[in-house]
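Subject: Handover of a structure

Dear colleague,

Please find the structure below, together with its sequence.

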Amino acid sequence: GDARARAYFDLAMIAFQEKDTAAGKSLYKQALREEAESSVVESSSKLMCESFMASSSCKSGGARECHHCGKLSNDLKHCSACKAVAYCSKDCQRAAWKTHKHGCQEAARLKMESLGQQRQEHTEAVAARTKQSKQRPIDYGLKAEAVWEEACSLTSSEHFQ
């Protein structure tokens with residue numbers, strides 16, 4: 001029932017996050033079968049799975065499906081909050097809002113947390129590179145005058161004429 005469908009959506013989302021697309025798609029299809037036999041309201045896991053499925057079909061040139069009516073189109077508008085689902089019209093978006101809003105807010109929150117974590121990792125990487133670039137260069141014990149004299153003698157040699 002409901003618990004099984006939610007569990008399959010959670011497992012599918014984990015598989016997608018681990019970049020195991022084949023397992024994710026299989027688990028997602030199983031979740032949809034379980035959902036058809038129950039009354040599951042949208043969960044954030046389901047929305048994230050749908051987002052992955054939609055992005056993978058778009059990358060391969062396939063049409064997307066309206067989240068409400070099922071119409072296939074290449075010109076659907078995404079939900080502005082979670083970006084996980086798309087609709088063919090404002091009417092479909094309004095009609096689906098009662099069920100979509102439950103998972104939408106959670107999916108949007110999870111997405112923002114994920115972006116915050118990515119931003120933090122980027123900031124740490126930049127700080128590490130900056131710290132590394134501020135380290136003094138290796139001192140090979142060469143005097144500037146000696147290096148300049150050697151360079152001058154090389155440029156006046158027969159190799160550079």
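A nonpolar core is here a set of buried Ala, Val, Leu, Ile, Met, Phe, Trp, Tyr and Cys residues that are joined through side-chain atoms within 4.5 Å. Please note that the model is a predicted one.

The largest nonpolar core has 10 residues in all: Cys 66, Cys 79, Cys 82, Ala 84, Val 85, Tyr 87, Cys 92, Ala 96, Cys 104 and Ala 107. Helix α4 gives the most to this core, namely four residues. There is also a second, separate core, which consists of seven residues, among them Met 13, Tyr 28, Ala 31 and Cys 49.

If residues up to four places away in sequence are not counted, Cys 82 touches His 100, Cys 104, Ala 107, Ala 108 and Lys 111.

Ala 86 lies in strand β4, which covers residues 86-87. Is Ala 86 buried or exposed? Its relative accessible area is 2%, and residues under 20% count as buried, so Ala 86 is buried. Apart from neighbours within four places in sequence, Ala 86 is in contact with Arg 64, Glu 65, Cys 66, His 67, Leu 76, Lys 77 and His 78. Between Ala 86 and Cys 66 the sequence separation is 20 residues, while in space they are 5.7 Å apart, C-alpha to C-alpha.

How many salt bridges does a search of the whole structure find? The search finds two. One joins the side chains of Asp 75 and Lys 77, at 3.3 Å from N to O; both Asp 75 and Lys 77 are exposed. In the other, the side chains of Arg 94 and Asp 91 meet at 3.8 Å, N to O. Arg 94 and Asp 91 are three residues apart in helix α4, so about one helical turn separates them. Arg 94 counts as exposed because its relative accessibility is 59%, and Asp 91 is likewise exposed, with a relative accessible area of 57%.

Finally, the surface carries a nonpolar patch formed by Tyr 140, Leu 142 and Val 147, whose accessible area together is about 370 Å². Tyr 140 is found in the loop between α4 (90-133) and α5 (144-155). With a relative accessible area of 65%, Tyr 140 is exposed.

Yours sincerely

Note on methods:
Residues numbered from 1 in each chain as written. Predicted model: local features only at pLDDT ≥ 70, side-chain atom pairs only at ≥ 80, totals over all residues. Heavy atoms only, no water. Patch = residues over 30% accessible without salt bridge, like charges linked within 9 Å, V, L, I, M, F, W, Y side chains within 5 Å. Areas by Shrake-Rupley, 256 points an atom, 1.4 Å probe, with all protein chains shown as cover. Salt bridge = Lys/Arg side-chain N within 4 Å of Asp/Glu carboxyl O. Helix = DSSP H or I, 4+ residues; strand = E, 2+ residues; numbered from the N terminus. Buried < 20%, exposed > 50% of the residue type's maximum accessible area, 1.4 Å probe, protein only. Contact = heavy atoms within 4.5 Å.
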